[in-house]
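Visitor: I'd like to learn how to read a structure like this one. Could you walk me through a few features?

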Amino acid sequence: MTDFDWLFFTEVLVGGLLSGVMYSLVAIGFVLIYKTSGVLNFAQGAMLLFAALTFVSLTERGISFPLAFAITFAIMVVIGIAVERTVLRPLTNKPPITLFMATLGLSYVIEGAAQLIWGTQVHGLDLGIEDVPFDVGGVYISQFDIFAAVVAASIVLLLSVFFRYTRIGLGFRAVADDQFAALAVGLRLPWIWATVWAAAGLVALVAGLLWGARVGVQFSLSLIVLKALPVLVLGGFDSVLGAIAGGLLIGAAEKLAEVYIGEYFGGGIEGWFAYVIALAFLLVRPSGLFGQKLVERV
């Protein structure tokens, strides 16, 4: 029996954790919307695609990186506000399934708009960070994964500061706790909802650039949203901290499973192992690690 290779195990684990950070970034977009409005925004993947496609199309036309980022962010803010006013606000107090179907239809509308405006061709996206291994104490880590993790951590920190120390952020937390109480003290829910959708647009832009740089900017990019669902199941649909923890757990678990038990299933289990974990977790703790309990015991 050969000795266990702990160095290789660490390398796989770290790679999985860094990939999980990318999943978390997508999941955070869901959490922001769900906490304030109770809407599972299935259009988040389409917003991610639209943001990445808009940015890369602008840069290909000679616009500088900072200006293209600013323009794309402004467009995503407009889209977020438009969605809140034309879709979310008219459906206030409707059943959750109605809101979910509305965002599902909205995702196809946004994808169709992206195709109409920018075309269907695949684009390469270079952020100036090479995806090459970096030696850290004998453990090889992708430089791009490290960069993506730093960017994701920065976004999480920025959102945490915004929602904790700004007036709008405090309003967001009040609405997330109790919408009716927030209305009673005079908070303007439409304004807070619009701000949160704009924040979700920023998250979609950053996630779209990172994923677009890794896999290319193409229409299958919108399916990245499916990777966020197991993350939300584990972490909880209403917790930013849960999205981070869930992403790390899913990323690490699927990488380790592919390497150490994948051969017993014919390989290729990384694509579906996360959903097995999510299904098993639903049977034990449906609300997730950090989500609010759906049923309180008397």
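Guide: Gladly! Let's start with accessibility: a residue is buried under 20% relative accessible area, exposed over 50%, and partly exposed in between. Please keep in mind that this is a predicted model. Take Glu270: its relative accessible area is 23%, so Glu270 is partly exposed.

Visitor: What does Glu270 meet in a salt bridge?

Guide: The general idea is a side-chain nitrogen of Lys or Arg within 4 Å of a carboxyl oxygen of Asp or Glu. Here the side chain of Glu270 pairs with that of Lys255, at 3.0 Å from N to O. Lys255 is partly exposed, at 25% relative accessibility.

Visitor: How many salt bridges does the structure hold?

Guide: There are three. Another one joins Lys227 and Glu254, whose closest N and O atoms are 3.0 Å apart. This pair links distant parts of the chain, with Lys227 in helix α9 (residues 225–235) and Glu254 in helix α10 (residues 240–260), 27 residues apart.

Visitor: Are Lys227 and Glu254 buried or exposed?

Guide: Both of them are buried. Now look at Asp145 and Arg214, whose side chains meet in a salt bridge with an N to O distance of 2.0 Å. Asp145 belongs to helix α5 (residues 143–165) and Arg214 to helix α8, so this contact ties together parts that are 69 residues apart in sequence. Asp145 counts as buried, at 10% relative accessibility, while Arg214 counts as partly exposed, at 29%.

Visitor: Let's turn to helix packing. At roughly what angle do the axes of α1 and α8 cross?

Guide: Helix α1 (residues 6–37) and helix α8 (residues 189–215) have axes that come within 9 Å and cross at roughly 165°. Angles over 145 degrees count as roughly antiparallel, so α1 and α8 are roughly antiparallel to each other. Their crossing is left-handed.

Visitor: Which residues of α1 and α8 meet?

Guide: On the α1 side, look for residues including Met22, Tyr23, Leu25, Val26, Leu32 and Ile33. Their counterparts in α8 include Trp193, Val196, Trp197, Val203, Leu210 and Trp211. The residues of this contact divide into 17 nonpolar, four polar and one charged. Arg214, the residue that forms a salt bridge with Asp145, is also among the α8 residues that meet α1.

Conventions: Residues numbered from 1 in each chain as written. Predicted model: local features only at pLDDT ≥ 70, side-chain atom pairs only at ≥ 80, totals over all residues. Heavy atoms only, no water. Axes fitted to C-alpha atoms, helices over the stretch in contact; angles between N-to-C directions. Helix = DSSP H or I, 4+ residues; strand = E, 2+ residues; numbered from the N terminus. Parallel < 35°, antiparallel > 145°, perpendicular 65-115°, else oblique. Left-handed = near helix turned anticlockwise from the far one by under 90°. Contact = heavy atoms within 4.5 Å. Nonpolar A, V, L, I, M, F, W, Y, C, P; charged D, E, K, R; others polar. Buried < 20%, exposed > 50% of the residue type's maximum accessible area, 1.4 Å probe, protein only.
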